[in-house]
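Subject: Handing over the two-chain model

Dear colleague,

Please find below the structure that I promised to pass on to you. My notes on what was found in it follow directly after it.

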Amino acid sequence: MQKYLKVEKRNMNNQYGMFAIRIGGIFVALVLGAIFLIFSGHAPIDVYVTMIDGAFGSAYGVNETIVKTIPLLIAALGVSIAFRMKLWNIGAEGQIYAGGIMASGVALSFGDLPSLLLIPMMMIAAFLGGALWACVPGIARSFWGTNETITTLMMNYVGILWVDYLVFGPWKDPKGYNFPITAEFSPSAFLPTFGGTRVHIGIVIAILCSFVIYILLNKTVWGYEIRVAGENSDVAKYAGMNVTKNIILTLMVSGGIAGIAGMTEVSGVIHRLQSNFSPGYGYSAIIIAWLARLNPIAAIFVSFLFGGLIVGGYAVQTSGLPASVALMLQGLILFCVLGAEFFTGYRVSIDKRFFSKGEAKING
Amino acid sequence: MKEKRLVSMKGIGKKFGDKWVNEQVEFELRAGEIHALLGENGAGKSTLMNILAGVYKQDAGQLLLHGKEAILTSPKDAIQNGVGMIHQHFKLVENLTASENIILGYKKTFFLNRKNISEEILKFSQKYGLSINPNDYVYHMSVGEKQRIEILKALYRGADILILDEPTAVLTPQETKELFDILRKMADRGCGIVIITHKMKEVMEIADRITVLRKGRKEGTVLKREVDEQRLTEMMIGKYASERKMKDRQVTNEVGLEIENVTIKNDKGFVAVENMSFDVKKGEIVGIAGISGNGQKELAEAIAGLREIEKGNIKIDHEGIKEKNPRQIIDMGLSYVPEDRMGMGLVGNMDITDNLILKDYRKKKARKGIFIQKKKVRENAKDVIDQFEIKIENIDAPIRTLSGGNLQKILLGREILEDPKVLIAAYPVRGLDIATTEAVYDLLLEQRNRGCAVLFISEDLDYIMQLSDRIVAIEGGKVAGIVKPDETTVEEIGMMMLDGQVG
């Protein structure tokens with residue numbers, strides 16, 4: 001086999017080509033997903049149509065998709081910042097929970113304050129919560145070289161369990177019939193919604209964040225330092241940058257932004273803190289950040305697609321498929337798109353010389 | 001001797017993208033000869049030999065091995081056809097022994113009889129005069145030994161066509177001599193040997209025939225006894241290499257850089273530089289002569305503040321740097337051209353503008369508040385491109401695809417743009433072609449004449465002799481001797497580098 005294929009290195013700088021390769025990856029993922037669906041006794045085309053229809057086919061679907069887009073996008077922006085510096089913050093999930101806790105704490109304690117004061121306070125608290133969560137791995141990484149992939153991941157469980165402790169214990173709603181939830185926030189802690197929909201102002205915050213972060217990363221001195229350190233920390237040190245400080249700072253900003261995703265969820269959607277309030281947004285955010293090539297603007301569109309994937313997953317439940325079909329597809333898409341990246345670095349072609357030789361033999 | 005043809009390459013062409021890097025190249029190797037492949041960087045030497053070694057496939061032309069047409073699809077294919085290539089960067093497993101490395105991927109038996117294999121390899125190595133200890137671990141070995149393992153690895157697999165890519169780049173003069181003895185012995189036994197190089201001296205010393213490539217095309221094949229160095233240089237670069245405007249030196253007595261009883265540890269925590277003292281005056285080039293790995297890297301990094309000074313102190317313009325961080329040292333007027341261009345000095349995935357502001361990005365000329373003034377610095381970058389004649393197609397493209405020479409111009413350009421007080425240049429011409437080498441040396445001389453204290457680290461003794469005002473020979477992290485170039489010889493310095501004392 002190897003003999004008939006020619007694999008050569010190449011340097012691809014063609015934007016359209018790169019885009020096409022990624023679309024190709026998504027297509028392959030859908031085909032693989034289809035094979036799985038066929039084996040589990042479903043008609044793949046029907047399932048996909050149902051998903052697309054559920055997510056984008058109606059005003060309700062689109063609204064729900066946007067609601068899911070908000071936490072995905074904000075968390076993806078958060079992790080993108082750390083990824084730019086090659087800091088593998090896979091702890092967005094925990095940072096979302098930490099942000100949710102802090103925002104809820106503020107909402108529950110200062111419910112009497114007006115919205116204009118309370119909501120910014122909740123946001124700042126959520127940022128600090130997420131930042132604190134990421135700061136622990138950041139310090140460990142800076143001073144003792146601890147692998148942040150593992151520490152940020154472990155911090156996820158700590159965050160999730162803290163929420164459980166609070167909603168089962170001290171913060172449990174006394175009128176909540178023993179459900180693991182806090183009391184509902186006062187309405188001034190709710191993020192305003194658009195019309196009668198569930199779409200809340202968080203989408204504006206998220207898109208605003210995308211542009212701010214884009215500018216921060218690409219136009220500022222700090223963004224420059226992050227990019228240099230992300231490419232090569234030896235170069236950064238050589239250029240006189242304080243890499244230790246930047247590792248902690250970057251992880252904190254990264255975690256802080258992911259924390260805001262926790263705030264928009266508790267404040268904009270569920271209006272209280274509850275057990276498992278994020279169904280893995282922090283993990284999907286990692287996939288989104290990668291598919292968007294760590295570009296904050298591209299992340300807006302990828303998040304919207306992934307929001308649709310989740311909503312579409314709910315839609316197929318009616319046909320007897322679990323909603324986790326959406327998760328499976330997420331995984332397949334990441335796998336195939338990352339796999340397809342191989343083709344941006346290498347050209348694979350059929351070795352014509354080999355075949356022409358073979359023909360010569362036949363003719364001779 | 002009967003002239004058996006081991007290799008004939010006919011009309012070889014190779015394209016990378018749309019660019020032909022080899023075009024219509026003819027190459028022939030006979031049994032028993034040492035054939036030098038000479039050319040500037042980017043002349044297509046390595047590409048041609050990589051085709052022969054099965055790493056690349058030619059896009060045009062025909063390859064004959066031992067008189068039969070061969071289609072190589074992999075290096076493994078090549079070795080089965082008797083072609084072994086020893087790359088510049090050795091491909092050995094550090095944590096295995098010599099004999100384990102030699103049989104790696106070759107012996108297919110499930111169990112290994114280590115004793116038998118070691119004996120077999122020992123016998124084999126003695127046959128060719130390659131002294132090794134089969135049971136030594138590779139990480140214990142010197143560069144010369146590692147190279148011998150690579151050669152043995154090829155021979156053990158039955159190679160009679162041996163390609164060596166810049167084999168002497170990492171060797172001491174003595175090791176080079178040993179290598180040449182071995183190669184001669186192998187040629188006498190009927191092997192054909194190709195040496196890729198751009199060192200004229202070695203070509204004249206070892207080669208029987210010489211093929212010169214220029215811009216991907218063959219310039220000619222000549223017998224060594226019929227040419228001289230000048231003729232070869234002309235073939236390589238097409239014009240006379242300019243004689244350098246050398247010695248208008250203005251050494252002052254004012255000290256620019258002072259190394260005072262300095263001790264530095266390496267990454268593994270061992271002492272790499274021990275109690276070293278010397279100084280560099282303003283307007284002086286001091287050359288550090290030593291075999292790579294004798295403390296040069298650690299010394300340079302310590303001066304730049306990237307490595308802790310255990311004992312003693314380093315002073316720039318009479319000011320100690322021990323308690324200072326790299327940024328403060330940069331601001332004191334230090335510029336540093338590190339050995340590892342892409343690993344430390346430049347960011348391959350960024351464009352030239354971003355690379356040029358690496359040291360200045362936080363200064364007024366590059367920033368406005370929290371923002372980088374990309375437009376302004378991009379204009380400055382254009383000036384730098386003109387001034388240093390950097391060949392670049394797209395100013396906004398990542399620099400990783402540029403040639404080594406252009407990269408070094410960007411790096412050196414950035415480092416001297418700010419008129420540094422002290423300039424460290426570590427192996428500044430490694431891997432560069434003659435024309436760029438000359439340009440880089442001219443820039444260093446310019447800096448010296450301007451009054452900069454230049455510390456020049458190199459392994460090329462000829463150039464150290466030519467360029468330096470004083471030479472510090474080091475061995476084992478200690479100063480072995482400080483001499484003036486007109487009062488010493490290359491041999492004497494070579495002895496100091498090896499023995500750590502004046503010979």
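Domain bounds, as used here, come from an automatic or database domain assignment. With bounds of that kind, chain B is divided into domain 1 (5-237), domain 2 (251-333 + 420-503) and domain 3 (347-417). This is a predicted model, in which local features need pLDDT of at least 70 and side-chain atom pairs count only at pLDDT 80 or more, whereas totals for chains, interfaces and linings use all residues. Residues are numbered from 1 along each chain as its sequence is written, while chains are lettered from A and ligands numbered from 1 in the order in which they are written.

Domains of chain B

The C-alpha centres of domain 1 of chain B and domain 2 of chain B lie 34 Å apart. Their contact takes ten residues from domain 1 of chain B and ten residues from domain 2 of chain B, two residues being in contact if their C-beta atoms, placed from the backbone, lie within 7 Å. On the side of domain 1 of chain B that touches domain 2 of chain B, helix 6 (173-188) and helix 8 (229-237) of chain B each supply at least two residues; helices (H or I, at least four residues) and strands (E, at least two) are DSSP runs, numbered from the N terminus. That side of domain 1 of chain B divides into four nonpolar, five polar and one charged residues, where Ala, Val, Leu, Ile, Met, Phe, Trp, Tyr, Cys and Pro count as nonpolar, Asp, Glu, Lys and Arg as charged, and the others, Gly among them, as polar.

The sheet in chain B

Chain B holds an open sheet of six strands in the order 6-7-8-3-9-10, with mixed pairing; two strands pair if DSSP finds at least two bridges between them. Strand 6 (83-86) and strand 10 (217-223) of chain B stand at the edges with a single partner strand each, so one side of each is left without a neighbour in the sheet. The twist averages 20° from one strand to the next, and helix 5 (residues 143-156) of chain B packs on the sheet, touching strand 6 and strand 7 of chain B, with its direction at about 170° to that of strand 6 of chain B. Angles run from 0 to 180 degrees between N-to-C directions, and axes are lines fitted to C-alpha atoms, for helices over the stretch in contact. Strand 7 (residues 161-165) and strand 8 (residues 192-197) of chain B run parallel and are joined by five bridges, and B:Leu162 stands opposite B:Ile193 in strand 8 of chain B. Helix 6 of chain B lies across strand 3 (34-38), strand 7 and strand 8 of chain B, running at about 145° to strand 8 of chain B.

Between the chains

Across the interface, 25 residues of chain B are in contact with 20 residues of chain A. Helix 10 (326-331), helix 11 (341-345) and strand 18 (371-372) of chain B each supply at least two residues of the side of chain B that touches chain A, and that side divides into 15 nonpolar, five polar and five charged residues.

Helix packing in chain A

The axes of helix 5 (residues 115-144) of chain A and helix 10 (residues 243-270) of chain A come within 6 Å and cross at roughly 140°. By class, the contact of these two helices has 20 nonpolar, eleven polar and one charged residues.

With kind regards
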